Amino acid sequence: WETHPRWRLVVAANRDEFHARPTAPAEWWPVAPDLLAGRDLKEGGTWLGVTRTGRFAAVTNIREPQGHREGAPSRGHLPGNFLLSRAPSLGYLAGLMPRAMAFNGFNLLVMDGVTLAWYSNREAGMRTLPPGVYGVSNHLLDTPWPKVVRGKDDLRAALSLDDGDELEARLFESLARRDPAPDAELPRTGVAEELERALSSVFIATPEYGTRSSTVLLLGRDGEARMTERTTTLPGAEGFTEVRHRFRVGEPAAAPAG
């Protein structure tokens, strides 16, 4: 955030989910044509998105298997509702806080075009994030899990690149890492050690759960915006399909032909 001479915001993110959960790839939503995001077809929300006005939001789950509550509202509505609103970052989070404990554990990042902020319902208070490099997985912001540390190191190195295509390629290389953390460095989140090991890699590949998509988002200081999303074609496979979206912040959508 605000550390690159050309790109105000640089995001590299993997979405990990059960393979059986129906999902649509990143597209401009028919019901909200200024919103670009993937869609969870089960609950209707999203995990990461951006708007034509330059708003950004993303959510991750907190891994706490012993505390998970069935029937809690979908956390995918948290970024979606922000992106569909005109609320400032801190105003949206302040409005969310009184009802946040109704959700299972989450991290939420929101950016209104000016302010990037983070909030978790597993820690008191929200944070405005100054310029810097941040990482978040399935615990609180910047928790030094091995893949968070490695991802931040990869991102810092990639920020030496100016060209958008080169920057994207370097970040996708980082998102594709499949090597697990050493056993001595594994997080202890309450799942079996074998599963903890599988979940410790940046790209997760297990029969039922894993990395469903990888996204690189670049928002330029001149208004240029790029989102590229790669969707895994088969659970654990190397192959993927890719969608690429390019637009300028502040410009309306092109009128349909005809």
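**A sheet and a helix pair**

Author: In this predicted model, helix α1 passes helix α2 in a right-handed crossing.

Reader: Where are these two helices, and at what angle do they cross?

Author: Helix α1 covers residues 77-84 and helix α2 covers residues 89-96. Their axes come within 11 Å and cross at roughly 135°. That angle makes α1 oblique to α2, because only angles over 145 degrees would count as roughly antiparallel and those from 65 to 115 as roughly perpendicular.

Reader: Which residues meet there?

Author: From α1, the residues are H77, L78, N81 and F82; in α2 they meet S89, Y92 and L96.

Reader: And how many of them are nonpolar, polar or charged?

Author: The contact of α1 with α2 has four nonpolar residues, three polar and no charged.

Reader: Turning to the sheet, what is the order of its strands?

Author: The order is β1-β9-β10-β11, in an open sheet of four strands with antiparallel pairing. The edge strands, each pairing on one side only, are β1 (7-18) and β11 (240-248). From one strand to the next, the twist averages 10°.

Reader: Over how many bridges do β1 and β9 pair?

Author: Strand β1 and strand β9, the latter spanning residues 209-220, pair over 11 bridges in the antiparallel sense.

Reader: Which residue in β9 is the bridge partner of A13?

Author: The partner is T215.

Reader: Which helix lies across these strands?

Author: Helix α4, residues 164-175, lies across β1, β9, β10 (224-232) and β11. Helix α4 runs at about 155° to β9.

Technical notes:
Residues numbered from 1 in each chain as written. Predicted model: local features only at pLDDT ≥ 70, side-chain atom pairs only at ≥ 80, totals over all residues. Heavy atoms only, no water. Pairing = 2+ DSSP bridges. Axes fitted to C-alpha atoms, helices over the stretch in contact; angles between N-to-C directions. Contact = heavy atoms within 4.5 Å. Parallel < 35°, antiparallel > 145°, perpendicular 65-115°, else oblique. Left-handed = near helix turned anticlockwise from the far one by under 90°. Nonpolar A, V, L, I, M, F, W, Y, C, P; charged D, E, K, R; others polar.
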